[in-house]
Amino acid sequence: MPSSEIDVLLPVLRDQGVSVVAATAMTGDVSQRRYLRLTLEEGPGSAVLALYPPAMLTAARRYRLATALFTGAGLHVPAILATDPLGRWIVTEDLGLATVFDLRDQPFATLEPFFLAAIAALPRIAGIDRRRVAGLNPPLDAALLGRELALTRRAFFEPRGLDLGAEVEAALARLCARLGDEPRVPCHRDFGVRNLLPVGAGVGIVDHQDLRLGPPAYDLASLLNDSLFPPAEAEERLLVAAGIVDREAYHRTAAQRTLKAVGTYAMFSDRSPRYLPLIAPTLQRALRHLARTPETAAVAPELAERWSGLLNPVC
């Protein structure tokens with residue numbers, strides 16, 4: 001952000017009670033939003049300024065609404081300290097730099113309390129007023145879940161010369177249809193370790209503007225299958241802690257979610273190479289869940305053979 005631009009904004013922030021001593025650009029990623037860490041004259045010491053381009057002003061509105069809903073449910077999301085009525089910027093509480101994903105080199109026993117804290121938050125997310133969530137974003141229904149897998153096909157499989165074939169496509173369509181039949185509950189939508197920050201013994205939740213209705217196991221499937229995978233015995237403990245009795249529904253949701261993530265990582269890796277190493281282990285994770293899901297179990301062995309060349313650190 002040019003110094004002249006932040007200079008213009010400083011008096012506006014001061015009028016809203018945010019006095020800034022310094023502003024430092026934060027590392028960019030794939031989002032069109034820009035972020036600055038603000039050093040404050042008083043109060044919490046620092047804050048985060050998110051700048052929204054004109055094409056994302058509706059996203060700023062969704063962020064404000066989702067923040068109010070999460071906060072009302074007793075969930076720890078960054079508090080909004082100041083905001084532009086036109087949606088061009090938002091200043092939020094600074095929950096720190098490190099995410100749970102950033103702790104991935106530590107023994108899982110060190111990370112498990114954060115996973116448990118995240119699991120404890122799931123009923124609160126699911127308990128948010130459905131009527132207020134319904135208008136925020138399109139629901140994760142069968143059609144949207146299917147479009148996500150079609151995107152993975154175009155972004156990842158087709159460029160590598162892999163045709164999924166009619167039998168696999170039909171199996172995946174049945175999987176999405178079955179997920180679409182499940183009762184929908186409020187979901188964070190991207191409840192993975194890269195959006196969870198250690199805060200004391202608990203977790204802070206970020207990137208929550210995509211709050212929407214979706215399958216009951218969606219956020220749990222995201223938590224246990226996105227970027228950092230708990231060992232099998234730890235996954236079992238976490239499933240028990242989450243009260244998951246119907247493992248079939250969990251595996252079905254995780255199969256769709258991991259395949260969707262492969263496509264997302266493939267697209268993002270063109271702009272940020274840090275996503276590239278996530279593709280192969282996520283595809284392996286998808287195979288594991290596809291093999292445990294009735295709609296896809298029959299095609300999983302064939303897929304494992306056909307995808308064997310992709311299951312290495314560089315795809």
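The chain folds into 11 helices and nine strands, where helices (H or I, at least four residues) and strands (E, at least two) are DSSP runs numbered from the N terminus. This is a predicted model, in which local features need pLDDT of at least 70 and side-chain atom pairs count only at pLDDT 80 or more, while totals for chains, interfaces and linings use all residues. Residues are numbered from 1 along each chain as its sequence is written, and side-chain values use heavy atoms, with hydrogens and water left out.

Along the principal axes, the C-alpha atoms fill a box of roughly 65 × 40 × 40 Å. Of the 315 residues, 50% are buried, meaning under 20% relative accessible area with a 1.4 Å probe, protein chains only.

Spanning residues 142-157, α5 has 16 residues and reaches 21 Å from its first C-alpha to its last, close to the expected 22 Å, a span given by 1.5 Å times one less than the number of residues. Its buried residues are Leu144, Leu145, Glu148, Leu149, Ala150, Thr152, Phe156 and Phe157. The cover over these residues includes the helices α6 (166-180), α7 (218-225), α9 (247-268) and α10 (276-290), together with β9 (212-214), with contact meaning heavy atoms within 4.5 Å.
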